[in-house]
Amino acid sequence: MRRGGTATESATTEKERRLGRYRLLDLIGRDGDARLHRALDANGQTVELWTVPLARLCADAAGVERFRQMATAAARLSHPAIPAVLASGEHAGTAFVATLPVEGRTLAARLDDGPLPWDEAVATLDRALDALSAAHRAGVVHGALTADTIRHSGSAAVVGGFGRAALTAARADRKDDLEAAARLTGRILAGHEDRPAVATLLADLRDGGSFPDVASLHIAVSGLTGAPRPRAVAPVRSTRRPLWAGGVVLAGGVVAAVTILNWPSPPRTVADSPATKSAAVTPLTPPPAATPAAPPSAPPSPSAASRQPPVAEIAQALRTIPCALVTVEKTGGRLLVSGTVAGERAETEVRETVEALAAGWDHGFDLANADAQFCAPLGSVATALDANRGLAEPLAAQVLEGPDLSAGDLLVLEIRAPARPVQVQVDYFTIDGSVVHLLPNPSDSGAALAAGASRRLGEKAGGDKATDGKPQSGRYWTIGPPFGTEMLLTIATAMPLFPTPRPEQEPAADYLAALSDALATIPDDAPAPLADAQFIATGP
């Protein structure tokens, strides 16, 4: 299949040119009785729409349910090389999956012009295999990976077709994807057999290969350049539940709560049922932590009872690890390090730092391990966090009923300004890779706090026992699935970080890029930004 062909549908009536909320523009691809249309949704957004007759899915009793499950799983994929699945459902005897369109030539067309340059060949293959491996970790197969399904959007490869697999690849499995990935590897690397590493890899693939899965093939490809392969980060997911935003339900206003994030999953009856999903999120590699200070050359000679434990030294060293929110204290004659770390790498760094500086003191750890994705937001405000810790009256954000919250609990925050007037940005990073902006938000743009002032966010007007159970004013948030350790980040600056409020929910990667730019534009003579962060454990 190639994008931009001249094929058109034979039917020309307006009724046949529409599918529920979508207006079909032209037919740009076929796969058996599945068709790929360029279409416009009800908001005028261009989408790519795969369709198949619903009767095909009803060939066996589990067909429709299998389609719904696969489409839902595909919609949770979040990877820079995978176009977002925007909606799926059934309407008027047709099942459909809508995805973001991808521009650019197909890889097949580019390879027809000759081999890709070496750097581009490896980068394209590495990105495609990383996307496929991420999909497999999320339980999604592609089913039809070829050079025709890969396009170059700008300078980067994008792998299309994951939504189509829900309609046409019910019997495909990871082995099929591995075989397709091996064929793709051979085609992309053709013309570079003069490199010994490539020749060895291609010979291995021709002999049947020794790769048990796509991830192992990806590792081999990543090693072709001789550069160390970045540590893999688990794919983030986007939920398709009504009203749920990661672990937070958003609601507000003087009327019933409105869905602002995701449409419900496709209903069991035949109906047009869009299910929106956030754009793909770039897997975030944590910023490198500073090298822990070297241990003293020799332990102090006085007995443990007569010397002071190195609490301050250890605390200072731990502050250089951007992926950890931990404290150290002396308790019961020993040192205790407690808190939360974002990923195994951060935990290792914390333990090694303490081991190096404990100076003979008995010590222990009480560490919770959050997902490594939270290392990126912590790293982006590391300087602001450190500046805040040094203040006598710091910026502070307290979860009133936290930090452990259960399904249905209100997320209520108490924000206290430092000893100077500030503008605050309050962000909730969810376990599924999104960020919800609690302040400013669509019903509350007032983010200014006077010096030392406090304000509360998230309470229902009239308390939890409002007569109709609905908010009377403002915004409130309720804990919901998916559950796990999530993060609250509060930033204080002299002027608003952004000239206009960000969308209430967006992919964390998009926001972090904008946040980095915003922090970089703060004038040198302006008061330093401050930040407060804490982890929140959510569960059923």
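Strand β14 (residues 396-399) and strand β16 pair in the antiparallel sense over four bridges, where strands (E, at least two residues) and helices (H or I, at least four residues) are DSSP runs numbered from the N terminus, and two strands pair if DSSP finds at least two bridges between them. This is a predicted model, in which local features need pLDDT of at least 70 and side-chain atom pairs count only at pLDDT 80 or more, while totals for chains, interfaces and linings use all residues. Residues are numbered from 1 along each chain as its sequence is written, and side-chain values use heavy atoms, with hydrogens and water left out.

- Strand β16 covers residues 413-416, with L413 and I415 on a covered face and E414 and R416 on an uncovered one.
- In a regular strand the side chains alternate between the two faces of the sheet.
- Opposite L413 of β16 stands V399, and L413 also stands opposite L457 in β20.
- Strand β20 (residues 454-457) is joined to β16 by four bridges, and the two run antiparallel.

**The six-stranded sheet**

- Six strands make up an open sheet with antiparallel pairing, in the order β1-β2-β3-β4-β6-β5; its edge strands, β1 (18-19) and β5 (85-91), each pair on one side only.
- Within this topic, strand β2 (residues 22-31) pairs with strand β3 (residues 34-40) in the antiparallel sense over seven bridges, and the bridge partner of L27 in β3 is H37.
- Helix α2 (residues 63-75) packs on the sheet, touching β5 and β6 (94-99), and its direction makes about 165° with that of β5; here contact means heavy atoms within 4.5 Å, and angles run from 0 to 180 degrees between N-to-C directions, with axes being lines fitted to C-alpha atoms, for helices over the stretch in contact.

**Residue G163**

- G163 lies in helix α5 (residues 162-168), and it counts as buried because its relative accessibility is 3%, where buried means under 20% relative accessible area, exposed over 50% and partly exposed in between (1.4 Å probe, protein chains only).
- Not counting residues up to four places away in sequence, G163 touches V85 and V97.
- G163 and A71 are 92 residues apart in sequence, yet 6.4 Å apart in space, C-alpha to C-alpha.

- Helix α4 (residues 118-137) packs with helix α8 (residues 214-222) at an angle of about 155°, their axes being 9 Å apart.
- The two helices α4 and α8 are therefore roughly antiparallel to each other, a term for angles over 145 degrees, whereas under 35 counts as roughly parallel, 65 to 115 as roughly perpendicular and the rest as oblique.
- Residues of α4 that meet α8 include V122, L125 and L129, and those of α8 include L217 and V221.
- By class, this contact of α4 with α8 has eight nonpolar, four polar and two charged residues; Ala, Val, Leu, Ile, Met, Phe, Trp, Tyr, Cys and Pro count as nonpolar, Asp, Glu, Lys and Arg as charged, and the others, Gly among them, as polar.
- T185, in helix α6 (residues 174-189), counts as buried at 0% relative accessibility.
- Leaving aside neighbours within four places in sequence, T185 is in contact with L125, L129, L201, L202, L205, L217 and V221.

**Helices α9 and α10**

- The axes of helix α9 (residues 311-318) and helix α10 (residues 344-357) come within 10 Å and cross at roughly 150°, and α9 and α10 are therefore roughly antiparallel to each other.
- Their contact is made by E313, I314, A317 and L318 of α9 together with V350, T353, V354 and L357 of α10, which divide into six nonpolar residues, one polar and one charged.
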